[in-house]
Amino acid sequence: MKTSRIAFLTIHLLICLLSLPSSSSSSRVPGFLYTRTTERCTPRYWSGRREAWPRMVPETSTVTNVFGSRVYERYRSDLTLVEATMRNDEEDNPFAGLLKEGTAALLNSYAREGFPYRPWQVKTLVIQALVSEAAASSQANQFSFANHACS
């Protein structure tokens, strides 16, 4: 009984090892056997810098330069786009969620053919949603839906 269990585990381990791909992929992180390749349009994807950002919106661009002076009232003047995609305070702050999802939507509008929003629409909708927490939360949810659907 013990010998058959050891044989089973040995065969299972051998099958697992043989099923691993032999060549390394550039999208993999060293040290990890599995990485997600889905969600190519989410803020998390863009903050990971797995793909070159569109030339129209470099990572070092500030939020105020990209979305306009109206966002200056809600966000730091030196906040960059890559920092906006890395935010983790969107559950307590709907304006942070709006910025995070809006930035990803803007990047997707430039980089993903068929994305439902055009760049000018994303910018306009972000500015319009700054009027209240309810508007910011609602627009952030719409951007999030589009970002996750595009993956």
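Hi everyone, let me begin with Cys150: at 28% relative accessibility it counts as partly exposed, where partly exposed sits between buried, under 20% relative accessible area, and exposed, over 50% (1.4 Å probe, protein chains only). Before going on, this is a predicted model, where local features need pLDDT of at least 70, side-chain atom pairs count only at pLDDT 80 or more, and totals for chains, interfaces and linings use all residues. Residues are numbered from 1 along each chain as its sequence is written, and side-chain values use heavy atoms, with hydrogens and water left out.

So, what does Cys150 form with Cys41? A disulfide, with the sulfur atoms 1.7 Å apart; the cut-off for such a pair is within 2.5 Å. Cys41 lies in the loop between α1 (2-19) and α2 and Cys150 in helix α7, so the pair ties together parts 109 residues apart in sequence. Helices here are DSSP runs (H or I, at least four residues), numbered from the N terminus. The S-S torsion is about -40°, so the disulfide is left-handed. Cys41, at 0% relative accessibility, counts as buried.

Now to α7 itself. Ala136, Gln139, Ala140, Phe143, Ser144, Ala146 and Asn147 are buried there. They cover an arc of only 165° around the axis, which puts them on the same side of α7; the arc is taken from the directions from the helix axis to the C-beta atoms. On the other side, Ala134, Asn141, Phe145 and Ala149 are exposed.

Finally, Leu98. Leaving aside neighbours within four places in sequence, its contacts (heavy atoms within 4.5 Å) include Ala136, Gln139, Ala140 and Phe143. Thanks, everyone!

Note on methods
Helices (H or I, at least four residues) and strands (E, at least two) are DSSP runs, numbered from the N terminus.
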